[in-house]
Amino acid sequence: MKKQVPLGEMTPEQFLRDYWQKKPLLIRNAIPDFEPLLSADELAGLACEQDVESRLIRFDAQGDTWTLDKGPFDESHFANLPQRCWTLLVQAVDHWLPEATELVDKFNFIPNWRVDDLMISYAVDGGGVGPHYDNYDVFLLQAEGTRRWEIGGICDEHSPRREDAPVMILPQWEAEQSFELNPGDMLYLPPQVAHNGVAIGDGCVTYSIGFRAPAHNEILRSFSDFIGEQLGREQRYADADLTLQDNPGQISAAALSRVADILASYLGNREQLASWFGQYMTEPKYPELVEEGEQLEESDIAEALAEGCSIRRAEGSRFAYIDRDADSVLLFADGQQHEAEGEAAALARHICRERGLDAAQVPTQSSTALSLLKTLLQNGCCYLTEG
Ligand code: SIN
Ligand code: CO
């Protein structure tokens with residue numbers, strides 16, 4: 001059966017070829033009869049929780065000023081807001097709401113490791129975060145009410161921005177295109193496209209499914225730290241082939257080549273690269289919130305599955321795998337690497353694709369598969385659930 005993707009008539013192949021990271025796309029009725037995942041009150045409730053990241057952005061048209069408040073909020077905060085031009089934004093709702101992960105999974109024509117989170121915003125009439133650009137790809141799904149999206153050109157770190165605002169505001173905003181989105185409509189924006197979303201009327205709720213992409217500077221720093229941590233003080237630059245230089249003050253081309261060779265030897269090590277990248281890209285968004293899981297023996301796990309329980313990836317956990325060969329994979333879960341072979345490898349691939357496993361999908365006679373599940377449960381990356 002063909003998977004339902006929220007791209008209207010377009011296939012994922014067409015989307016990837018013509019739009020992904022290339023140009024904006026408006027999809028009317030991307031999710032027909034879309035049902036919101038939670039009410040505005042529930043969203044405000046989340047923004048009052050200690051562990052939830054949230055922001056409230058206000059614009060005062062008279063004074064032409066922007067204000068940013070960061071959560072967690074006290075309930076009374078919401079009672080004292082003006083009538084117009086504010087928005088509440090709650091980050092990583094998919095970490096807190098299992099149903100929200102199902103929505104994010106609709107976008108799995110993009111690899112899981114590129115997902116950042118599902119952010120939900122609630123705005124009153126005129127509310128929005130102002131004209132800005134993001135460095136991420138985003139699908140902006142209108143969940144309730146109406147929002148006008150205005151799109152401008154491509155921006156970068158050199159683009160002028162207002163210095164007096166606590167959030168990025170592009171000054172002298174001029175829209176090149178604009179669209180009104182109603183529930184179920186969706187706008188895809190590639191990175192760096194300037195945009196401005198303004199609520200038309202109260203009760204405007206927008207879901208942003210955001211995709212992250214590591215910056216080159218992060219890639220280089222993180223990989224070199226990873227390699228550096230494994231090296232002792234004795235692996236050093238060596239020049240047994242040194243020849244007499246005319247000027248001892250010169251760093252010769254040969255010396256530079258030796259350094260380039262050292263770097264290339266580490267960069268060319270695919271196994272190290274795979275280990276680092278898998279661990280790096282599955283580090284949790286909020287590492288401080290990761291909790292230890294259940295200490296269960298393999299037999300307890302097999303028994304629970306036989307009784308009808310299933311195993312589910314924890315909502316805030318990040319999973320990915322890299323194939324080593326047909327029969328073995330490196331599984332990464334929340335920044336930890338696990339080597340898995342045979343039936344454990346099949347299980348690892350399955351849980352990366354499907355989010356959940358039931359008795360039929362776990363080879364309970366395989367001690368390596370059960371031992372992998374034991375570790376994942378113990379680390380809090382998975383949990384057992386009834387049904
Ligand atoms: C929103 O206001 O819901 C989306 C914010 C954005 O443009 O990134
Ligand atoms: Co944006």
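Buried area is the accessible area (1.4 Å probe) that two parts lose on being put together, summed over both. In this predicted model, the area buried between domain 1 and domain 2 is about 830 Å², and carbon and sulfur atoms give 44% of that area. The bounds, 12-211 for domain 1 and 288-386 for domain 2, come from an automatic or database domain assignment.

**Between the domains**
- The centres of the two domains, taken over C-alpha atoms, are 33 Å apart.
- Eleven residues of domain 1 are in contact with ten residues of domain 2, where contact means heavy atoms within 4.5 Å.
- Two salt bridges are counted between domain 1 and domain 2; a salt bridge is a side-chain nitrogen of Lys or Arg within 4 Å of a carboxyl oxygen of Asp or Glu.

**Helix α8**
- Helices (H or I, at least four residues) and strands (E, at least two) are DSSP runs, numbered from the N terminus.
- In α8 (residues 298-306), the buried residues are I301, A302, A304 and L305; buried means under 20% relative accessible area (1.4 Å probe, protein chains only).
- These residues lie on the same side of α8 because they cover an arc of only 165° around the axis, taken from the directions from the helix axis to the C-beta atoms.
- Elements covering them include β10 (309-313) and α10 (367-378).

**Basis of the values**
- Residues are numbered from 1 along each chain as its sequence is written, and chains are lettered from A and ligands numbered from 1 in the order in which they are written.
- Local features need pLDDT of at least 70, side-chain atom pairs count only at pLDDT 80 or more, totals for chains, interfaces and linings use all residues, and side-chain values use heavy atoms, leaving out hydrogens and water.

How values were computed:
Buried means under 20% relative accessible area, exposed over 50%, partly exposed in between (1.4 Å probe, protein chains only).
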